[in-house]
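Hi there,

Here is the structure I promised to pass on. Have a look at it first, and my notes follow below.

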Amino acid sequence: MIAFFVKRFFQAVVVMFVISLISFSIQDNLGDPLRELVGQAVSEEERQTMRDEMGLNDPFLVQYLRFAKKAVQGDLGNSYFFKKPAFEVIMKKLPATLELVFGATIIIVLFSVPIGVYSAIHPEKWFSKTVMGLSIVGISIPVFLTAIGLIYLFAIELNWLPSYGRGETTSVMGFWETGLLSADGLRHLILPSFTLASIMLPLFIRLIRAEMMEVLQSEYVKFAWAKGISPRRIYFVHALKNTMLPVITVGGVQIGTMVAYTILTETVFQWPGMGFLFLEAVNRVDTPLIVAYLIVVGAIFVVTNTLVDLIYGLVNPTVNLAGKK
Amino acid sequence: MPLLEVNNLEVCFGLRSGAVKALRDVSFTLERGERLGVVGESGAGKSVLGFSIINLLSRPGHISAGNVNFEGKDLASLAPEELRSIRGNRISMIFQDPMMTLNPVLTIGVQMVECLQAHRQISTSDAKRIALKRLQQVQIPSAEKRLDQYPHELSGGMRQRIVIAIGLLLDPDIIIADEPTTALDVTIQAEIMDLMLNLCEQNNVALILITHDLGVVSQVTQRMLVMYAGRIIEQGPTKEIINDAQHPYTQGLMNALPQMAIPGQKLNQIKGTMPPLQNIPTGCSFNPRCEYVMDICTKKLPPFTQSGNCLVACHMVADSQHGPQQEKLRSEEV
């Protein structure tokens, strides 16, 4: 088990290094940070001095090494706009994004498993065929369109749910602002979560259905029928467990991807999360913040993938992470 | 009354290109404790026959005619829940490939206990005790440890022993073994076969042994069925068929045995291949390959003719039995 974590840690270091290099190298092409930092009145001469002071005129490698040296100490630089450490700014927005991803994940799990399983067991029923058709439509609709549609229907026409913001939040343990503990916060979470889930849900339904259908054709399921096991047990113990193995692997990666997808959802819903922040940072050419965002998202990917591998190891007896006999 | 009686069974696979009959007019009986061999080429319908007895055909296969009588019930038309109470309980099955038969994510113990609990009101600890006893009967070393192991931790031979143990768990009346040793290493095939036969005999279990190994069938079964293109073309006591096969196809199979070969000469073989089920010739389905083919063979499906203790579906045999009558009939037709 320790060996697994050590290996994962070194892999993570390499991944983070590559991400930092890439994200750092794109910052030169994003525009001039000085334009946002100073007003029109500042002369070109003064601008040059400021650039020299900020080290923006140094060669790329020098700049990167200076950044990397600080980064390993946990300092990802100061945001130009917020005049605060970029990492701190991002961390403050992280709970909102993670809660949104969490909400979407819950929706995906709650809907995709029963629907996928049902349509695998009864592929001929009209319900399954409808679901398959709708899932294609669902995959094809862009997120922002789903979001606008949901806002129009549930916020404007029916006036059931709020259309923007996080609503009431409570502070947990001093650093985590959560919207999950108040009714208002939860109400605000519903539409953004469904929007974020809308891309992945059809994909998961199709994935679970396809895997389940394959498992149901397998010899061991046939043998379970021959043993006279009840259908319920065959579907939910024999087949579902084997179905979930590949789904867990794919799902883990998709949860990481969803963190990236939040940019669109958060923008439409004015959700004060990392994605929204990132878009603002791009507009303001706030390069330290952009770099910090990419690194944090990269770290989230590494962590979720590690967790997924752990869970996979727990579910699949043929994988032995612990290295024990 | 026989333990199992199959009458005029017909199995259809409804495909987009039309229905294909995988079994046609299959009738046979099985007595308590009897060992019945089912032989034939790949695709002759042996496995389909095995699965259709417990009505466990994969979609789109289904029983389209006939019945399977077991203890006064017709398994071909039984309600799913009643069928479930017979499967694994009174009639169990042993599959071909032990590497695929056991669920990879469940322990051996779970897979045995669930089988007992599916048919009996029994506590898990009692079920475990029975499972352990069965594992010892199939001579699995350190059986206790195996209950907590997963299939991937065991060898193919071990897994097949476990499958056999599961088959015997509830003292069934019939075991259908579908090529139980084909997927195993040659060195342990005989061992597993002996084990299975001994346990069946000890527990007075009737065995339907599906195989293409004529050698095994001749040694261990009392009666046998020879299948060709979805039909039984010859059935009767194994000794009679082995020593004096009536149907030209069975004769061909016997001559093709390596034991029959003359050293230095090529092995005998039956010319041609079995027709695909979508495209079975009219009349006797063996007629394109038969060296004794007659006019009638290409026109009329041969009826079953009693010959000794055997039933044979061949015009030639029918002619030799009721020769003059047939001749007369035919001349009348002309």
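In which helix is A:Phe17 found? A:Phe17 sits in helix α1 of chain A; helices (H or I, at least four residues) and strands (E, at least two) are DSSP runs, numbered from the N terminus. A:Phe17 is partly exposed, at a relative accessible area of 46% (buried means under 20%, exposed over 50%, partly exposed in between, with a 1.4 Å probe and protein chains only).

A quick note on the basis: this is a predicted model, where local features need pLDDT of at least 70, side-chain atom pairs count only at pLDDT 80 or more, and totals for chains, interfaces and linings use all residues. Residues are numbered from 1 along each chain as its sequence is written, chains are lettered from A and ligands numbered from 1 in the order in which they are written, and side-chain values use heavy atoms, leaving out hydrogens and water.

Now the overall picture. Chain A has 12 helices and two strands, in the order α-α-α-α-α-α-α-β-β-α-α-α-α-α along the sequence. Its C-alpha trace spans about 85 × 60 × 35 Å along the principal axes. Of the 325 residues in chain A, 44% are buried. Among contacts (heavy atoms within 4.5 Å) between residues at least 6 apart in sequence, 71% join residues at least 24 apart.

Happy browsing, and write back with any questions!
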